[in-house]
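Here is a friendly walk through one model, written to be read with the structure open beside you. Take a look at it first, then follow along.

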Amino acid sequence: MATLIQEVHANSWALGAIPLGVALDLAIGHPGRWPHPVRAIGRLIGPVERGLRIALAGVGLGPRGERLAGVVLAVLVVGFVASVAWLAGELCGELGGPATLIGRALLVYWGLSIRDLGVGAIRAAEAPDLASGRRELARLDGRDASLADRIEFDRRCVEAVGGGANDAVVAPLFWLAVAGPAGLWAYKAVDILDRRAGRRSNRRSPMGGTSAVLDDLANLIPSRITWLLIALSAALLGEDGASALRIGWRDGRKHSRPHAAWGEAAIAGALGVQLGGRSTLGGVAAVRPLLGDPVGMIDRSTVRRAVRLMQVAAIHAAALAWTVRVLLD
């Protein structure tokens, strides 16, 4: 009986980790000077990828070998990160009481970017000049915005919020709900691997393609949940929830990647704007699928409205994740 009571007590502390972790992220975000596990994962990927490429050059297996190297890279990085997160969660559980709450809350807090996404988008949109705004946007979504004009720039700020609503908020919480801290951090590893190895090589290359496929699979369900949560949030905030549902369903599958447009399409519908179209990515002109209808113009106030939608959707996602963990634990 004493063991059962102790286990229930430990789980009750652990369940408090989700609201506390979300509250920490909303309150303080992730100041750049603080240590962060995401940066450690990024540093881990580089040497492993280089080692695999050196080994690949030695045996000369061509595209087939690159595909194998991509699989090995993913298994090593994702497996290692998930194992460390699982072990950390278990060790916190062994400590019990406040140590369990604080330790697991930190695992949740480090895995989210609600505040940073919102503050970064607003800071970019409301920068004193376009040049500094472009730098802020490049830090936010990792893409070159140096040639973006004012109209394209404001649109890309809204797009960054729509895409980040899934990648930085809903998807981590989804995998936390499904598989605990190990699930959350396995997802983070897949996301970082896709951003670094997948983009730096080429998604169409055999090695980079492995990261892209994993990322697509990991986001397949969360991206649809993001669409629904943004539509719900829009209805609650007095935006156009019905259009968010309709346009999210109509345009969410337009992108070449099966998860990439759902959040952006839902926000476009909710705010009555059109996203996508002509952009400059990495100094190269590109045309992205059009999402939404051009009912209204995009300006700085649109970015703030998008951030508010994302934040409310994040609260709903956290509540769902907490509910699932209550039922599973």
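## Overall layout

The protein chain has 12 helices and two strands, where helices (H or I, at least four residues) and strands (E, at least two) are DSSP runs numbered from the N terminus. Along the sequence, the pattern reads α-α-α-α-α-α-α-α-α-α-α-β-β-α. This is a predicted model, so local features need pLDDT of at least 70 and side-chain atom pairs count only at pLDDT 80 or more, while totals for chains, interfaces and linings use all residues. Residues are numbered from 1 along each chain as its sequence is written, and side-chain values use heavy atoms, with hydrogens and water left out.

Of the 329 residues in the protein chain, 50% count as buried (under 20% relative accessible area; exposed is over 50% and partly exposed in between, with a 1.4 Å probe and protein chains only). Among contacts (heavy atoms within 4.5 Å) between residues at least 6 apart in sequence, 71% join residues at least 24 apart.

## Helix 2 against helix 12

Helix 2 (residues 17-28) packs on helix 12 (residues 300-328) at about 160°, with the axes 10 Å apart. That makes helix 2 roughly antiparallel to helix 12 (angles under 35 degrees count as roughly parallel, over 145 as roughly antiparallel, 65 to 115 as roughly perpendicular and the rest as oblique). Axes here are lines fitted to C-alpha atoms, for helices over the stretch in contact, and angles run from 0 to 180 degrees between N-to-C directions.

On the helix 2 side, Ile18, Pro19, Val22 and Leu26 meet Ile315, Ala318, Ala321, Trp322 and Arg325 of helix 12. By class, this contact of helix 2 with helix 12 has eight nonpolar, no polar and one charged residues.

## Helix 10 against helix 11

Helix 10 (residues 241-251) and helix 11 (residues 262-271) pack at about 140°, and their axes are 7 Å apart. That makes helix 10 oblique to helix 11.

Ser243, Ala244, Ile247, Gly248, Trp249 and Asp251 in helix 10 meet Trp262, Ala265, Ala266, Gly269 and Ala270 in helix 11. The residues of this contact divide into seven nonpolar, three polar and one charged.

## Aromatic side chains

Four aromatic pairs turn up in a search of the whole structure (ring centres within 6.5 Å for Phe, Tyr and Trp, using the six-membered ring of Trp; planes under 30 degrees apart are stacked, over 60 edge-to-face and the rest tilted). Phenylalanine 174 and tryptophan 175 form an edge-to-face pair, 5.0 Å centre to centre with 85° between the planes. Phenylalanine 174 is buried at 17% relative accessible area, whereas tryptophan 175 is partly exposed at 25%.

Trp227, Trp249 and Trp262 form one aromatic cluster.

Conventions
Ala, Val, Leu, Ile, Met, Phe, Trp, Tyr, Cys and Pro count as nonpolar, Asp, Glu, Lys and Arg as charged, and the others, Gly among them, as polar.
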